Amino acid sequence: MGVITYSLEITSSVAPSRMFKALVLESHNVLPKIVPKGIKSVEFIEGDGGVSNIKKTNFAESNSPIKYTTHKVEALDADSLYYKYTMIESDIKFDKIDFVVEEVKFFAAGSGSVCKVTSEYHVKEGCELKEEEIKKGKDKAMGLYKAVEEYLVANPDDWA
């Protein structure tokens with residue numbers, strides 16, 4: 001098994017604590033409200049969002065070939081705006097990937113923020129994961145991030 005690491009930095013005009021709250025702490029409320037055509041629901045399978053808890057994201061049927069993904073929370077530190085999780089299941093068979101580990105950290109940058117995301121793709125023995133396959137997932141994540149940012153800018157009292 002090999003590991004492919006991919007990093008991404010996303011800038012935002014929204015404060016880091018607010019982005020963290022919307023995208024991590026309150027994602028189960030925020031995402032279905034802001035992007036209902038993309039995400040139908042986010043539910044806790046085990047626990048309420050803390051470390052070792054399991055969260056399932058259900059995607060809207062018309063907008064995604066994936067119906068759901070399940071994540072295990074590995075680390076959560078609201079004070080330092082840090083979140084780490086492992087994608088452990090999806091209805092799309094992982095024919096090349098065993099699992100994906102994501103680390104997310106928000107930092108202040110001027111009057112806004114920077115979100116640093118590091119992804120580790122644990123590739124199955126004998127398989128090759130191409131850059132364009134990773135890029136597709138990252139483009140969707142970037143679109144989701146920007147949709148949340150736009151909503152928070154337009155609604156300054158929500159998730160403040």
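Lys21, Ala22, Leu23, Val24 and Leu25 in helix H1 meet Ser27, His28, Val30 and Leu31 in helix H2, where contact means heavy atoms within 4.5 Å. By class, this contact of H1 with H2 has six nonpolar, two polar and one charged residues; Ala, Val, Leu, Ile, Met, Phe, Trp, Tyr, Cys and Pro count as nonpolar, Asp, Glu, Lys and Arg as charged, and the others, Gly among them, as polar. This is a predicted model, in which local features need pLDDT of at least 70 and side-chain atom pairs count only at pLDDT 80 or more, while totals for chains, interfaces and linings use all residues. Residues are numbered from 1 along each chain as its sequence is written, and side-chain values use heavy atoms, with hydrogens and water left out.

H1 covers residues 16-25 and H2 residues 27-34; helices (H or I, at least four residues) and strands (E, at least two) are DSSP runs, numbered from the N terminus. The axes of H1 and H2 come within 6 Å and cross at roughly 90 degrees. Axes are lines fitted to C-alpha atoms, for helices over the stretch in contact, and angles run from 0 to 180 degrees between N-to-C directions. H1 and H2 are therefore roughly perpendicular to each other (65 to 115 degrees).

The strands form an open sheet of seven, in the order S1-S7-S6-S5-S4-S3-S2, with antiparallel pairing; two strands pair if DSSP finds at least two bridges between them. S1 (2-12) and S2 (39-46) stand at the edges with a single partner strand each, so one side of each has no neighbour in the sheet. The twist averages 25 degrees from one strand to the next.

Within the sheet, five bridges join S3 (residues 54-59) to S4 (residues 68-77), and Ile54 has Lys72 as its bridge partner in S4. Eight bridges join S4 to S5 (residues 82-90). Among the partners in S5 are Glu89 for Thr70 and Tyr82 for Asp77. S4 and S5 form a hairpin with four residues between them, and Leu81 in the turn has a positive phi of about 60 degrees.

Helix H3 lies across S1, S2, S6 and S7, running at about 25 degrees to S1. H3 (residues 131-154) also gives the most to the lining of the largest pocket, with 11 residues. By class, that lining has 29 nonpolar, 10 polar and nine charged residues.

How values were computed
Angles under 35 degrees count as roughly parallel, over 145 as roughly antiparallel, 65 to 115 as roughly perpendicular and the rest as oblique.
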